[in-house]
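Subject: The two-chain model, with notes

Hello,

Here is the structure I promised to pass on to you. Have a look at it first, and then read on for what I found.

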Amino acid sequence: MDKFSVLLFSGLTNGSVYGLVGLSLSLIYGANRVINFAQGEFVMIGTMSAILFMATYNLSLPVALVLTLGVVLAMALALEFAVYLPLRRRGAPPLTIMIGTMAFAITTMGLALLVWGPNQLSVPNILPMEPMTVGPLITNWQQLAIIGAFVAFLGLTWFILYRTSFGLAIRATGVDPKVALLMGIRSDRIVRFAFLFSATVSGLAGVLIGPLLGGQISIGVALTVKGFMAAILGGLGSPFAAAAGGLAIGVAEAMIAGYGNSLYAEPIIFLIILMILFVRPYGLLGDFEAARR
Amino acid sequence: MRSMFRNGNLAIVLIVVAALILPALLSSGYQLRMVSIIWVFALLAMGFNLLYGITGQISMAQQAFFAIGAYGFAMLQARLGWSPFAALPAAVLIVAGVAAVIGLPLLRLRTHYLAMATLAFSLMMVGLTNRWVEFTGGSAGIQIPTITMGDWSMSRAGLYYTLVIVAAIGLVIHNFIISGHLGRAMQAVRDDETGAESLGVNVTAVKLRVFVLAAVYAAVGGIGFGLVSRQVNPSFGEFPVIVSLLTIAVVGGLGTRFGPVIGAIVVVLAPQALARFGELETLIYGLCLGVFLIFLPNGLSGVMERWGTRLFRSRPPARQPVAKNVVEGGAR
């Protein structure tokens with residue numbers, strides 16, 4: 001039972017981060033049909049900024065959080081104005097824009113290398129990391145905070161999408177951008193919101209996961225790939241399906257590593273995802289998108 | 001059409017002549033190694049160009065086929081004691097077989113789903129090569145001996161000339177396919193699958209053929225890279241290779257005839273100049289990729305074609321070859 005709960009919580013923690021990246025990817029995809037290959041870099045910048053502001057400059061937690069948010073939001077605007085808008089204006093297809101976001105990711109890593117260097121830095125943890133027991137389960141505050149943030153962001157996304165008129169506009173753009181434009185929805189703003197909201201989600205995920213992953217500028221790529229997988233596994237069309245996909249990947253990864261073969265856990269996960277895509281080409285919960293074709 | 005064809009052939013002859021003279025101008029073995037790698041990456045990029053630039057099917061498994069080709073070549077020699085002349089075609093056949101087997105189910109997927117699935121395949125392969133130490137040699141990899149036959153053994157320069165010839169043959173086939181019947185069918189598949197199908201194009205067959213062909217190009221490139229590096233290790237299949245490949249495709253020009261070669265020349269040689277910038281290298285790499293994507297969407301090849309059009313007025317204006325309408329129903 002102890003082993004199970006430790007595995008479950010570490011799986012849920014990693015899965016929450018994959019899910020949050022997947023949710024971010026899916027929100028942007030819904031607004032403009034582009035996969036943002038730099039999404040993991042937002043997590044990385046969140047982690048590294050937390051180190052910069054909390055450890056290097058020794059600022060208090062609220063100030064550091066606000067500054068970190070400022071950094072990732074500025075980064076989102078840079079992505080939109082320097083990569084997305086110029087490419088869109090030139091009529092580039094979505095996959096070319098995806099390669100553009102990859103260029104942005106490489107540039108971000110290059111900048112981060114200049115600021116933080118290639119070595120792994122220790123990340124200050126906001127919450128205590130000592131193990132504690134909740135009923136029969138063993139966990140710690142940092143893990144609970146990440147899972148809590150996952151649930152909170154999921155709720156917030158649901159609220160925005162289904163309980164506000166702005167959310168209605170986002171969903172309309174997702175269904176058909178042209179018709180949405182004809183109805184007076186400014187799709188540029190929807191896209192900007194998607195970029196900014198996703199950056200916030202991923203940046204905060206970065207602040208929280210930092211102490212568990214370790215602060216290194218190369219963590220972004222792996223997170224982008226896992227988040228991408230989460231989104232594809234669930235189905236790109238819905239942010240909630242993407243989040244569920246992330247949880248599934250995280251828990252499966254932890255369970256295979258714990259009870260099966262820890263060495264081959266990662267290849268096995270990729271194999272399972274490949275098999276699922278053979279059987280369900282639009283992801284496990286992706287009927288929505290399949291029906292639209 | 002005929003004159004364009006002849007112009008294309010003239011360009012290939014010029015490239016080959018220049019490439020064959022080049023070693024006389026180089027001073028060190030390191031430089032020879034660098035120019036050999038140009039042709040390796042040109043081969044890899046030709047396959048990707050056929051698959052993504054012309055047919056519009058993205059694959060993030062090219063580096064996996066690159067690695068499988070090199071591993072097959074190395075392991076058939078090291079584990080089974082085959083001669084390199086038997087191991088080479090066998091390794092290429094293995095890759096073609098693997099590509100056909102995974103291509104058939106995967107090519108039902110489109111755009112981002114296809115990208116993800118192929119990425120999952122290649123990550124799985126890299127994971128295996130890293131972990132299955134007793135079979136693949138783990139992260140240390142496997143040595144690849146120099147090709148020998150009797151007393152004769154292939155020198156670095158000999159390897160370079162062989163690579164130039166193989167790449168030239170690859171380029172001729174690449175250009176022949178683009179201008180031929182299959183090329184038209186591929187472009188039709190890229191622009192509108194349903195439309196292509198209604199015109200009598202067997203979409204599944206075209207996709208699968210190009211997927212296997214691109215894998216074969218990658219495998220030949222991988223074997224070449226193994227011979228140049230004298231070993232194979234898991235880094236052959238890792239992320240930096242696909243980033244280089246994408247950069248070559250974008251810098252050279254997607255869907256153009258000479259884009260892969262021009263892109264490979266620039267992308268292999270540019271980091272040599274950038275190495276002087278030390279830590280700035282990654283940053284400049286990313287910025288260049290972005291700048292090319294935005295300001296020169298048809299790559300250097302597109303720029304050259306424009307100059308060519310200006311010089312020889314008789315040639316038709318350059319088409320817009322970048323994959324369009326890959327996703328239907330997208331915002332446009």
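Which residues touch the most other members of the largest nonpolar core? They are B:Phe41, B:Ala120 and B:Ala219, in a core of 195 residues. Helix 10 of chain B (residues 203–229) gives this core its largest share, 16 residues. Please keep in mind as you read that this is a predicted model.

**Helix 10 of chain B**

Let me stay with this helix for a moment. Setting aside neighbours within four places in sequence, B:Ala219 is in contact with B:Phe65, B:Ile68, B:Gly69, B:Ala91, B:Val92 and B:Val95.

B:Gly224 is in helix 10 of chain B too. This glycine is buried, because 27 other C-beta atoms lie within 10 Å, and 20 or more is the cut-off for that class. Not counting residues up to four places away in sequence, B:Gly224 touches B:Trp39, B:Val40, B:Leu43 and B:Leu163. B:Gly224 and B:Ala24 are 200 residues apart along the chain, and their C-alpha atoms are separated by 21 Å.

Helix 10 of chain B also holds B:Arg209. Is this arginine buried, exposed or partly exposed? It has 19 C-beta neighbours inside 10 Å, so B:Arg209 counts as partly exposed.

The buried residues of helix 8 are B:Ala185, B:Met186, B:Gln187, B:Ala188, B:Val189 and B:Arg190. What covers them includes helix 2 (29–54), helix 9 (193–198) and helix 10 of chain B.

**Where the chains meet**

How many residues does each chain bring to the contact? Chain A brings 45 residues and chain B brings 41 residues. On the chain B side, helix 5 (111–131), helix 11 (239–252) and helix 13 (281–295) each supply at least two residues. Helix 5 of chain B gives the most, with 13 residues. Sorted by class, the side of chain B that touches chain A has 28 nonpolar, nine polar and four charged residues.

Helix 8 of chain A (residues 187–213) has 27 residues, and its first and last C-alpha atoms are 36 Å apart, close to the 39 Å expected at 1.5 Å a residue. There is a kink of about 35° at A:Val207 in this helix, shortly before the proline A:Pro211. After helix 8 of chain A comes A:Gly214, with a positive phi near 90°.

Helix 9 of chain A (residues 219–234) has 16 residues, which should span 22 Å at 1.5 Å a residue; the end C-alpha atoms are 23 Å apart, in agreement with that. This helix is mostly covered, with 14 of its 16 residues buried. A:Gly235 follows helix 9 of chain A, and its phi is positive, near 125°.

A:Arg33 has a phi of about 60°, and its place is in the loop between helix 1 (2–32) and helix 2 (39–56) of chain A. A:Arg33 counts as buried because it has 22 C-beta neighbours inside 10 Å. For A:Asn58, phi is near 55°, and this residue is found in the loop between helix 2 and helix 3 (61–89) of chain A. A:Asn58 has 9 C-beta neighbours inside 10 Å, so it counts as exposed.

**What the UniProt records say**

In chain A, the record's spans include residues 6–30 and 65–85. In the model, residues 6–30 of chain A are 100% helix, with end C-alpha atoms 35 Å apart. Residues 65–85 of chain A are also 100% helix, and their end C-alpha atoms are 28 Å apart.

In chain B, the spans given by UniProt include residues 210–229 and 282–300. Residues 210–229 of chain B are 100% helix, with end C-alpha atoms 28 Å apart. Residues 282–300 of chain B are 84% helix and 0% strand, and here the end C-alpha atoms lie 21 Å apart.

Best wishes

Definitions and conventions:
Residues numbered from 1 in each chain as written. Chains lettered and ligands numbered in written order. Predicted model: local features only at pLDDT ≥ 70, side-chain atom pairs only at ≥ 80, totals over all residues. Helix = DSSP H or I, 4+ residues; strand = E, 2+ residues; numbered from the N terminus. Buried ≥ 20, exposed ≤ 12 C-beta atoms within 10 Å, placed from the backbone. Core = buried A, V, L, I, M, F, W, Y, C linked by C-beta atoms within 7 Å. Contact = placed C-beta atoms within 7 Å. Nonpolar A, V, L, I, M, F, W, Y, C, P; charged D, E, K, R; others polar. Expected span 1.5 Å × (residues − 1). Bend = angle between axes of the 7 residues up to and from the residue. UniProt positions renumbered as here; feature names shortened; annotations may be inferred.
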